[in-house]
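This report covers helix packing and the ligand site. The sequence and structure are shown first.

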Amino acid sequence: MAASPILLVGSVALDELHTPAGSMLDAFGGSASYFSLAARFFAPVRLVAVVGTDFPASHRALLESSGVDLRGLEVADGPCFRWGGKYGDDLNTRETLFTHLGVFEHFHPKVPDVYRDSEFVFLGNIHPALQKEVLSQVRAPKLVALDTMNLWIETARAELLDVLRAVNLLIVNDSEARQLTGESNVVRAGRRLLELGPHTVVIKKGEHGAAMFAAGGVFAVPAVPLDHVVDPTGAGDSFAGALLGSLASQGDLSDGGLRRAIACGSVLASFTVQAFGLERLQSVTRSEIAGRFEELRHLTHFDATTPLPGA
Ligand code: AMP
């Protein structure tokens with residue numbers, strides 16, 4: 001079965017990254033860039049985004065050579081979206097140094113006609129009003145997934161709750177889940193999020209893996225254990241890219257299909273964090289991905305066919 005293309009909206013950015021391993025200025029980043037480079041291993045990506053006139057030709061060439069459909073990438077007068085982040089020593093805490101919207105400030109996404117039949121839609125991390133604008137231009141999506149962040153939960157909560165009503169799969173991290181629901185317990189937060197519209201909620205917990213909440217119950221997958229992490233930026237977007245890519249490649253939206261997709265998310269995120277920015281996602285190969293998928297399978301397997309010890 002041929003993979004269905006994924007319609008993606010998100011940021012294409014120039015990032016300033018500071019981690020205990022060093023710094024990178026003018027790094028090619030953005031939620032849509034990480035998503036695209038992870039998803040491309042599984043399914044074609046149709047990008048809707050905006051960049052400024054200062055967007056380097058080499059970054060565009062990278063997306064092009066990765067097979068990303070750029071017919072929906074607008075070049076507007078003005079500077080690119082820029083974001084700066086600084087991580088604490090344990091890499092679990094991140095401070096946003098600045099968010100310069102640039103051309104995003106006046107962006108109104110236009111979904112090209114040839115994209116409108118997309119069955120898989122990913123509304124990457126941008127203002128929820130823009131996410132809704134994209135969704136209203138798609139004909140009959142089979143699966144709509146959404147990612148967001150603390151900035152929008154704080155500044156555009158009503159718009160976020162509005163677009164969530166039309167979303168099937170919500171992907172957030174644990175602090176966003178807590179912030180959105182007011183629940184400090186992640187399991188309770190997961191259940192509360194299911195009441196907001198999505199039938200499936202995936203909560204990412206960084207180095208502690210991810211959990212999926214749906215009517216059928218809870219599923220959890222660990223992160224791939226790594227002894228050296230360089231830069232966690234984009235881990236969440238890479239996770240989402242592989243997750244959606246896996247679903248779109250097989251069209252299997254069953255519980256089993258979702259579980260496999262979450263495992264793919266965990267695998268691709270583990271590559272992203274091993275180098276700065278998009279570096280590792282650019283160089284990783286299909287056989288390295290398959291090897292780590294196998295490692296994760298081994299890590300999570302145990303013999304459940306014999307009774308509980310002591311029974
Ligand atoms: P993650 O580490 O998965 O949260 O993703 C980091 C990426 O998100 C960076 O490359 C940023 O350029 C991008 N980003 C950060 N803040 C925003 C925002 N407010 N809107 C859109 N993209 C953002």
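In which hand does H1 pass H8? The crossing of H1 past H8 is right-handed; a crossing is right-handed if the near helix is turned clockwise from the far one by less than a right angle, and left-handed if anticlockwise.

## Basis of the model

This is a predicted model, in which local features need pLDDT of at least 70 and side-chain atom pairs count only at pLDDT 80 or more, while totals for chains, interfaces and linings use all residues. Residues are numbered from 1 along each chain as its sequence is written, and side-chain values use heavy atoms, with hydrogens and water left out.

## H1 and H8

Helix H1 spans residues 31–39 and helix H8 residues 235–250. Helices are DSSP runs (H or I, at least four residues), numbered from the N terminus. The two axes lie 7 Å apart at an angle of about 45°; axes are lines fitted to C-alpha atoms over the stretch in contact, and angles run from 0 to 180 degrees between N-to-C directions. H1 and H8 are therefore oblique to each other (angles under 35 degrees count as roughly parallel, over 145 as roughly antiparallel, 65 to 115 as roughly perpendicular and the rest as oblique).

On the H1 side, the contact (heavy atoms within 4.5 Å) involves Ser31, Tyr34, Phe35, Ala38 and Ala39. These meet Asp237, Ser238, Ala240, Gly241, Ala242, Leu244 and Gly245 in H8. Seven residues of this contact are nonpolar, four polar and one charged; Ala, Val, Leu, Ile, Met, Phe, Trp, Tyr, Cys and Pro count as nonpolar, Asp, Glu, Lys and Arg as charged, and the others, Gly among them, as polar.

## Ligand site

The ligand is surrounded by 19 residues, each with a heavy atom within 4 Å of it. The closest are Ser11, Asp15, Gly30, Gly234 and Asp237. Asp237 also belongs to the H8 side of the contact with H1.

Polar contacts are pairs of N or O atoms within 3.5 Å. A ligand oxygen is 2.7 Å from a side-chain N or O atom of aspartate 237. A polar backbone atom of glycine 234 is 2.7 Å from a ligand oxygen, and for a side-chain N or O atom of arginine 94 the distance is 2.8 Å.

## H3 and H5

Helix H3 (residues 128–135) and helix H5 (residues 157–164) have axes that come within 8 Å and cross at roughly 30°. H3 and H5 are therefore roughly parallel to each other. H3 passes H5 in a left-handed crossing.

Definitions and conventions: Helix = DSSP H or I, 4+ residues; strand = E, 2+ residues; numbered from the N terminus. Polar contact = N/O pair within 3.5 Å; in protein donor to acceptor, adjacent residues only side chain to side chain.
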